[in-house]
Amino acid sequence: MEQVSFAWTALPSLKLRGLGTPLAEPIDYYVLRMSWVTGWSVNQLATLMQDDREEGFGPLRPSCHIFGHRREAQISAFEQLSGNPDLRYGTLWVLKEVLNTKGLYRQTGVPRRWCPVCYQKWDNDTDWEPLVWSIPYVSCCPTHGCDLVNACPSCGKEQSRDTALGLRLRCESCDAPLGGEGTKTERAKFYDWVDQEILKLVAFCSTPGEQLVPADTLLQFAEEFENHARSKGILQKVRRCLGMQRGEAFNRSISLSALINFSALLGVSVIDLLSRPKEAMSAPLLDLWDGFHWLCDPFAEKNDAVRAARWLAKKVLARRGRWYIPSMRVLTKDIGVSASRLKAFDPESYGAYIDAYLKQCRPATRYTRGVAFAAARNEIEDQNPTNCTHSRMWWLPHHVEKVAPVNLEDAYYASYGAIVYWRLLAHAKSHAQGAVAAKEDIRWTESAQTGIAA
Ligand SMILES: [Zn+2]
Ligand SMILES: [Zn+2]
């Protein structure tokens with residue numbers, strides 16, 4: 001269909017609200033508003049914006065997180081039909097060359113988040129749901145300071161992001177009001193800093209006329225950074241923070257959490273890092289901020305297994321001594337999370353563990369001890385972990401020496417490793433079920449430690 005042929009349906013020229021401010025309106029909410037005004041459903045509007053060449057695809061739901069060719073085409077079509085050239089500023093379009101969408105979505109989609117106090121005082125004619133509510137790393141309502149929520153306070157059900165404007169204030173399932181007094185969770189100061197940085201970032205991205213941040217921004221910064229980096233340890237930490245391999249170039253897009261972690265690690269504001277990468281590096285900034293924490297997976301529940309995996313990795317590292325530590329693959333398989341998830345959740349613990357694993361002995365010895373570890377483990381698997389001590393299991397190395405078979409030294413390393421590991425694993429698994437992991441996690445985030453206590 002030629003666009004001119006339905007010029008008669010040209011959309012009302014609604015303006016995007018809050019442009020250039022931290023409370024900018026996201027394109028998805030804008031389309032809901034358009035739907036409210038025109039009586040067209042969001043689906044009908046999205047179909048209207050669809051390019052004919054994309055037959056076979058369902059209509060694309062508008063999203064403020066963008067990226068990709070289809071979304072950009074959709075936004076351009078909306079801009080043309082509403083005579084409003086600024087709609088792209090209701091997304092993170094400005095960052096599309098440097099940022100990927102990792103961590104912004106959950107596997108099951110993007111849940112709606114809202115401020116209960118805002119909802120309580122809502123007026124559809126003057127209020128809108130700001131883009132920052134959709135960024136999972138933002139914890140508080142910028143206006144009221146209370147926690148943003150994503151489930152009905154009565155029945156706990158999550159709410160669709162697509163619900164029409166007139167129906168959004170009540171639960172889809174039990175009809176209870178979603179507004180309320182709001183609560184405020186105690187958090188480390190770091191998270192207030194994160195909220196502020198994201199608010200500034202949204203104001204930046206929503207300023208009409210703002211140009212794309214160039215793809216080589218991080219590379220420019222990194223070159224300068226490498227010149228300034230005083231120790232290899234810091235460079236290594238930065239690489240971990242960005243999820244990069246040793247030697248990999250700084251020229252690919254990163255996740256929002258990596259960008260924020262990177263800025264926090266260096267004590268630079270995100271905007272400075274993006275808009276003046278070289279200048280941001282000119283001051284000797286490499287004294288790490290002692291209030292720094294890793295910004296982790298925002299969708300990890302309190303009792304998420306990934307927390308238990310981190311707990312186990314840190315404990316194994318803290319206790320490591322004259323014994324073998326198993327590979328990350330073994331550890332994550334035992335806990336039941338993927339290694340990549342742990343890596344994204346806490347790149348530093350993950351990286352420290354991998355390093356310790358690789359450095360414990362030569363590759364050939366590591367292999368032999370790995371085999372012996374499996375044999376030792378096989379032997380103690382039926383034991384009650386509390387009975388599993390070095391003195392009670394004095395016979396284990398001799399047994400492993402025969403069954404693996406390996407030399408006695410390797411059998412000792414592997415057996416003692418298996419004994420310590422087995423008890424920690426039992427502990428970690430009980431943590432995963434209970435509140436202990438969450439408590440440990442809060443204690444951990446509250447502590448201002450940046451490294452791992454070895
Ligand atoms: Zn609010
Ligand atoms: Zn409900």
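Of the 454 residues in the protein, 38% are buried (20 or more other C-beta atoms within 10 Å of the residue's own, with C-beta atoms placed from the backbone). The structure is a predicted model, in which local features need pLDDT of at least 70 and side-chain atom pairs count only at pLDDT 80 or more, while totals for chains, interfaces and linings use all residues. Residues are numbered from 1 along each chain as its sequence is written.

The secondary structure consists of 18 helices and zero strands (DSSP runs, H or I of at least four residues for helices and E of at least two for strands, numbered from the N terminus).

The average pLDDT (the predictor's confidence in each residue, from 0 to 100) is 83, and 85% of the residues score at least 70. Confidence is highest in helix 4 (residues 116-120), at a mean of 97, and lowest in helix 18 (residues 436-446), at 48. Where pLDDT is low, the predicted coordinates should not be read in detail.

Helix 11 (residues 305-319) packs against helix 14 (residues 347-359) at an angle of about 45°, and their axes are 10 Å apart. Axes are lines fitted to C-alpha atoms, for helices over the stretch in contact, and angles run from 0 to 180 degrees between N-to-C directions. Helix 11 contributes Arg310, Ala313, Lys314 and Leu317 to the contact, and helix 14 contributes Ser349, Ala352, Tyr353 and Ala356; two residues are in contact if their C-beta atoms, placed from the backbone, lie within 7 Å.

Conventions. Chains lettered and ligands numbered in written order. Buried ≥ 20, exposed ≤ 12 C-beta atoms within 10 Å, placed from the backbone.
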